[in-house]
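Here are some notes on the model, in numbered points. Please read them alongside the sequence and the coordinates.

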Amino acid sequence: MHAQNNVGMADTGSPSASSLDEREARFQSRIDDGIRVEPQDWMPDRYRKTLIRQISQHAHSEIVGQLPEGNWITRAPSLKRKAILLAKVQDEAGHGLYLYSAAETLGITRDQMVDDLHTGKAKYSSIFNYPTLTWADVGAIGWLVDGSAIMNQIPLCRCSYGPYARAMIRVCKEEAFHMRQGYDIMLALCAGTPGQKAMAQDALNRWWWPSLMMFGPPDGDSVHSAQSQAWKIKLFTNDELRQKMVDQTVPQAEHLGLVVPDPQVKWNAERGHYDYGDIDWEEFYNVVKGNGPCNRERLEVRNKAWTDGEWFRDALVAHADKQAQLATAQAA
């Protein structure tokens, strides 16, 4: 895979500018024609690095995303809710594994990606640095956070890199279930006692803005969006996806009898979309830099889990080695 990147090298041992430009032009032409890129295909280093950053960040978000809801498994209000939440958290772990596998096809090891997460070098979605204070937060995460994730991820099923696009098909199907599960929790709370409905409203108040921040900074401030769109890694801009989320979610909130915590939200018939207020991007960047309510806690929990599980990983490797030795002996 990496050897193919050396094709077109000049006598000096470095790629000639003209040959590299020609290969990148041909690569872009294939992208424009809708031809999927596969691991064995030549690709520009910038394309590879962009995908590694995005896919690994996505995988990290799935893994860390288990934590805000995982601590509610023992406190779910019924056996049914517990079973559903267990299934959801298990799904998120699976999503992380799919995505780590997709990233590995680009030449990075899983150990390197995990180390980057645990040392804080790699980022994950800022949304998972907020606490889950009540059971209603589990509903709000399913409804709003997974709703935003689906809005962002469905186009990825058509992205230009084959392993990523194929992994996203199953991920999106399961995320759709997660969103319905979250909305069902909110529906039950809003149909319950006044205190339960107030709990649902409080969760909406706290998760609304962070959910809109999930799509990333506004288009004018986004560093990677333009190039990612040219490569068809992304098919829509951050602001386009954010608008879709607002348009979808406001009517759902009205159906629940809840009030979106933004006095500027109103239907704009001329635009055919809902208007909404300004997002506090200072909060977003502060959380991304590691200063959110739960940044340190999340990394501490992940590092502890990794350390505590070392014996099990070693046992798996030892078992695999033993099986390989037995197979070799039998073959002999």
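1. Buried means under 20% relative accessible area, exposed over 50%, and partly exposed in between, with a 1.4 Å probe and protein chains only. At 29% relative accessibility, Lys232 is partly exposed.

2. The model is predicted: local features need pLDDT of at least 70, side-chain atom pairs count only at pLDDT 80 or more, and totals for chains, interfaces and linings use all residues. Residues are numbered from 1 along each chain as its sequence is written, and side-chain values use heavy atoms, leaving out hydrogens and water.

3. The chain has 13 helices and 2 strands; these are DSSP runs, helices being H or I of at least four residues and strands E of at least two, numbered from the N terminus. The C-alpha trace spans about 75 × 60 × 35 Å along its principal axes. Of the 332 residues in the chain, 48% are buried.

4. Lys232 sits in the loop between helix H9 (225-230) and helix H10 (238-256). Its phi is positive, about 60°, although Lys232 is not a glycine. Most residues other than glycine have a negative phi.

5. Ser148 belongs to helix H6 (residues 135-153) and is buried, at a relative accessible area of 1%. Neighbours within four places in sequence aside, Ser148 is in contact (heavy atoms within 4.5 Å) with Ser211, Met214, Phe215 and Met245.

6. Among contacts in the chain with a separation of 6 or more, 77% are between residues 24 or more positions apart.
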